[in-house]
Amino acid sequence: MIDKKKILEKSECMTLLCTKASTHWNTIKIIFNIPLVFTSSAMCIINSISTDANEVKVPNIVVNAVSVLIMSLSNSIKASEKLDLFHRLSISFMQLSCEIENYDDDVNNDELKLLNNKYENLVTQCLFEEIPDYVKRQIINTFQNKHKPIQLNGLSGLTNSPSIKLNSELSFKV
């Protein structure tokens, strides 16, 4: 059965999850952008120091190679795209939470189905595999006694890591 409180808690959980994921990917993006600023600045300094192009040929090649490597890594990780996705989802889940809160306690079944469909449509856009485990664990701990999306409800193995006991002295994590 669809419950207003359940949808609200799950939506709030997803808001925080997407906000933290957005923060994570913003940090990754910044980590890649800072070296690019330094390599661009180094290129300017190297080119302005010397009047002979042959003297700066090797340093230019090295700095260009480093810049291309950093840009290639940044493009393959796609931190900017993930940042945009999680930021957009965070805003959408926040808007959904506000919409749910604006309903009276006596919400009819059709309205609940509509709210649940909006929630489910947003969840399907979320790339849970791109959210680091430490972020998921923080959200699981924060929403410990509340409803969470199925991806965080404990079945994912994030809350308790099962172990196999071989004997009383030795155990291995699975």
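Select K5 to begin: in this predicted model, K5 is exposed, with a relative accessible area of 51%, which puts this lysine over the 50% cut-off for that class. Because they stand four residues apart in helix α1, E9 and K5 are separated by about one helical turn. Is E9 buried or exposed? E9 is buried, its relative accessible area being 9%, whereas K5, as noted, is exposed.

Stay in helix α1, which covers residues 4-49, and select K4, which also lies in this helix. With a relative accessible area of 15%, K4 is buried. To see what surrounds K4, leave aside its neighbours within four places in sequence and display I100, E101, Y103, D104, D105, V107 and L112, with which K4 is in contact.

Next, colour helix α1 together with helix α3, which comprises residues 79-102. Two packed helices are described by the angle between their axes and the distance between the axes. Here the axes of α1 and α3 come within 8 Å and cross at roughly 155°. Angles over 145 degrees count as roughly antiparallel, and α1 and α3 are therefore roughly antiparallel to each other. If you turn the view to look across the pair, α1 passes α3 in a left-handed crossing. The contact of α1 with α3, sorted by class, has 15 nonpolar, nine polar and five charged residues.

Within helix α3, select L83, which is buried, with a relative accessible area of 12%. Which residues is L83 in contact with, once its neighbours within four places in sequence are left aside? They are S22, W25, N26 and K29.

The remaining stops concern paired charges.

Select K82 and E130, which form a salt bridge whose closest N and O atoms are 2.8 Å apart. K82 lies in helix α3, while E130 lies in the loop between α4 (109-125) and α5 (133-142), so the pair ties together parts that are 48 residues apart in sequence. K82 is buried, at a relative accessible area of 14%, and E130 counts as partly exposed, at 23% relative accessibility.

Finally, select E99 and K118, whose side chains meet in a salt bridge with 2.7 Å from N to O. Because E99 lies in helix α3 and K118 in helix α4, this pair ties together parts that are 19 residues apart in sequence. E99 is partly exposed, with a relative accessible area of 26%, and K118 is likewise partly exposed, with a relative accessible area of 32%.

Technical notes. Residues are numbered from 1 along each chain as its sequence is written. This is a predicted model: local features need pLDDT of at least 70, side-chain atom pairs count only at pLDDT 80 or more; totals for chains, interfaces and linings use all residues. Side-chain values use heavy atoms; hydrogens and water are left out. Helices (H or I, at least four residues) and strands (E, at least two) are DSSP runs, numbered from the N terminus. Buried means under 20% relative accessible area, exposed over 50%, partly exposed in between (1.4 Å probe, protein chains only). Contact means heavy atoms within 4.5 Å. Axes are lines fitted to C-alpha atoms, for helices over the stretch in contact, and angles run from 0 to 180 degrees between N-to-C directions. Angles under 35 degrees count as roughly parallel, over 145 as roughly antiparallel, 65 to 115 as roughly perpendicular and the rest as oblique. A crossing is left-handed if the near helix is turned anticlockwise from the far one by less than a right angle, and right-handed if clockwise. Ala, Val, Leu, Ile, Met, Phe, Trp, Tyr, Cys and Pro count as nonpolar, Asp, Glu, Lys and Arg as charged, and the others, Gly among them, as polar. A salt bridge is a side-chain nitrogen of Lys or Arg within 4 Å of a carboxyl oxygen of Asp or Glu.
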